[in-house]
Amino acid sequence: DAAHQASGAESPSALARVFADGPLVFWSIVRSANTLYKEGRYSDARAAYAEVLSRAASGALALDVDAQNLATLRYNWARAAFKEGRHIEALEQCDLALEHLPGYHNALIQRAQCQMELLDFEKAAATYD
C-alpha cells in the first residue's frame, strides 16, 4: 500500500526477488559463515558452511560454483570442525576439498593435522610428503 511504500520498507515482491537471487543468497551465507568463524562461533560456522554447500549441490542457486570455491568452503568447514575437536569431521571435509581441488595445500596441511590428532602418524607423514 502507499503508506508501506512511503515508509521506505521493501515490498513483499522486492524481498521475494532478493531471496530468489541465488548468487546473492550464496555469497551472503558464505560471508556469514566466515564471520561466525572469525567470531569463534565454530558450530554455527559449520552449520552455515553445510547450508551453503547443500544449496550449491542442489542446483537451487542458479549459480555454478567453481572447484576452487567449493574446495575453499570445504576447507573452511574443516577448520571450524578442527577447532571444536571434531577431527573425523574435519578430515572428511579435507578429503572432500581435495576431491574438488587435488593438491590444495591448505587442505593437505589440515588433513595431516587431523591425522596427527587421530594418532594416525603414518598417514600424516604420507600427507605431508
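Of the 129 residues in the protein chain, 35% count as buried (under 20% relative accessible area with a 1.4 Å probe, protein chains only). The model is predicted, so local features need pLDDT of at least 70 and side-chain atom pairs count only at pLDDT 80 or more, while totals for chains, interfaces and linings use all residues. Residues are numbered from 1 along each chain as its sequence is written, and side-chain values use heavy atoms, with hydrogens and water left out.

The accessible surface of the chain is about 7700 Å², and carbon and sulfur atoms account for 53% of that (Shrake-Rupley method, 1.4 Å probe). The chain holds eight helices and zero strands; helices are DSSP runs of H or I with at least four residues, and strands are E runs of at least two. Among contacts (heavy atoms within 4.5 Å) between residues at least 6 apart in sequence, 51% join residues at least 24 apart.

**Helices H6 and H7**

The axes, lines fitted to C-alpha atoms over the stretch in contact, come within 9 Å and cross at roughly 150°. H6 is therefore roughly antiparallel to H7, a term for angles over 145 degrees. The residues that make the contact are listed by helix.

| Helix | Residues | Contact residues |
|---|---|---|
| H6 | 87–100 | His87, Ala90, Leu91, Cys94, Asp95, Ala97, Leu98 |
| H7 | 105–117 | Ala107, Leu108, Gln110, Arg111, Cys114, Gln115, Glu117 |

By class, this contact of H6 with H7 has eight nonpolar, three polar and three charged residues.

How values were computed:
Axes are lines fitted to C-alpha atoms, for helices over the stretch in contact, and angles run from 0 to 180 degrees between N-to-C directions. Angles under 35 degrees count as roughly parallel, over 145 as roughly antiparallel, 65 to 115 as roughly perpendicular and the rest as oblique. Ala, Val, Leu, Ile, Met, Phe, Trp, Tyr, Cys and Pro count as nonpolar, Asp, Glu, Lys and Arg as charged, and the others, Gly among them, as polar. Buried means under 20% relative accessible area, exposed over 50%, partly exposed in between (1.4 Å probe, protein chains only).
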